[in-house]
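Colleague: I am new to this structure. Please show me how to read it.

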Amino acid sequence: MKLIKHFDAFLKNRVNLSDGRIETLDKRVDAVSSFLSSDDDVISNNYIDLIPQGSYAHRTIINPVDANDEFDADVLLDMNEVDGWEAEDYVEHLYQVFRSNGTYKDKVSRRSRCVTVNYAGEFHMDVVPFLTRHGERFITNRSTNQFERTNPEGFNEWLDGQNRITSGRLVKVIRLLKYIRDFKNNFSVKSVILTILVGEQVNDAALWADPDHYKDVPTALVNLLTDLNDYLQANPSMPSIDDPSCPTENFNHRWDQDQYANFRNWIATYTSWAKDAYDETDVDESHTKWRKLFGDKFGTYDTNSSKASEAHRSIAGVRDTEEFIEHKFAGVALNPAYSIKLQAKTVSRNGWRNFVLATRGNKVSPGRSIKFSIKSSNLPGSYELWWKVRNVGAEAIAKNMIRGQIEPDDGSRSRTEPASFRGSHYVEIYAVQNGVVVAKDHHPVLIQ
């Protein structure tokens, strides 16, 4: 059985990094950003931004299996190239800047590509120098004294696009698979490699063949595991794990054939377990079978507690104006052959660098404005566009600004919104032909 509510509760209570830990992480990142941009030294004079990277940007960080363990977060120190510096100088100088400060002196260590700030008992943060040279993006390696080509912003945008095909369920599946990896401890795979392997199984063709392929979390989990297993079984030897944002780069140097073969075998086993649990018609027996994958905690959490996105419904005095496409239009007949994609980009502001939200994990600071526009569309003929802006979180609730009305486009095929309230929000766009919704897109916005 699907046991959708139990999956939601398991993610919320056991797998997802807690709101408190995310808030602490965000505050620590803000503090490091303030420190690195304010000192009068070579680093601060060339400072541009501090950008979430890896699982932090992808929203795939999970709680440590052992509650007492630390988690890790990566951030990119976006900075100008420094005249006369070689690749080895960036990490070394960054390390010395941290070491010269009383707050960070005893918290830092240096590795090949980063300086690690260790918050004992909480997490450690890897700060990675990141710069543009000759029109391309690089990180630096002090051990080899080489500039290493990378495109983390492009990777974030690729993953965001894949995630949106699954209506946001890809990142949840990745979290679940990372949890299985850490909980079972039967295979070893870097998170970035796991993300690529799973993310590359997502495609519009799967939706064309089966519109329900990613319908809910357990369905997406079983189908993505099945698709991944099919791919792995067709490749007994480790294939090239190409960076989807840098086609000439790959991650094979971070894995080996023995690790790959072990991963391949265990994915086959876990796929059969997941299918067995999913197809089981007896509720109790299905719980038992899902626990083979996730442990005895699965199915034990309260499924009646409100999701964060629905918490406002229980608060008296809040004016809930949300509308739903099922009630607004004559019908909803999403066509897998049609697609419409949104892009969100910050609006120009003096002293602030503009960016596409998808390259920063869809995160933006309060006080900015965001322009949503059509990135791509393949709809034939004429159609109407309608928008929905949904605010979620304590600040929006306090200001009675939940919104959620569905409103027609003003003819500009774009919409500009202020980032006013901290929390997880979203914007949706609907393409309507003859009163029927034939395509839509959903763009999350994390205001922090």
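Predicted model: local features only at pLDDT ≥ 70, side-chain atom pairs only at ≥ 80, totals over all residues.

Modeller: Residues are numbered from 1 along each chain as its sequence is written, and side-chain values use heavy atoms, with hydrogens and water left out.

Colleague: How many helices and strands are in the chain?

Modeller: Helices (H or I, at least four residues) and strands (E, at least two) are DSSP runs, numbered from the N terminus. The chain has 14 helices and 18 strands. Its radius of gyration is 23 Å, close to the 22 Å from the globule rule for 448 residues, so the chain is as compact as a globular protein of that length. That radius is taken over C-alpha atoms, and the rule is 2.2 Å times the number of residues to the power 0.38.

Colleague: What share of the residues in the chain is buried?

Modeller: Buried means under 20% relative accessible area, with a 1.4 Å probe and protein chains only. Of the 448 residues, 50% are buried. In strand β4 (residues 115–119), 4 of the 5 residues are buried, so this strand is largely enclosed by the rest of the structure.

Colleague: Which strands pair with β4?

Modeller: Two strands pair if DSSP finds at least two bridges between them. Strand β3 (residues 108–110) pairs with β4 in the antiparallel sense over 3 bridges, and Val 108 has Val 117 as its bridge partner. A hairpin of 4 residues joins β3 to β4. Strand β5 (residues 123–133) also pairs with β4 in the antiparallel sense, over 5 bridges. In that hairpin, with 3 residues between the strands, Gly 121 takes a positive phi near 80°.
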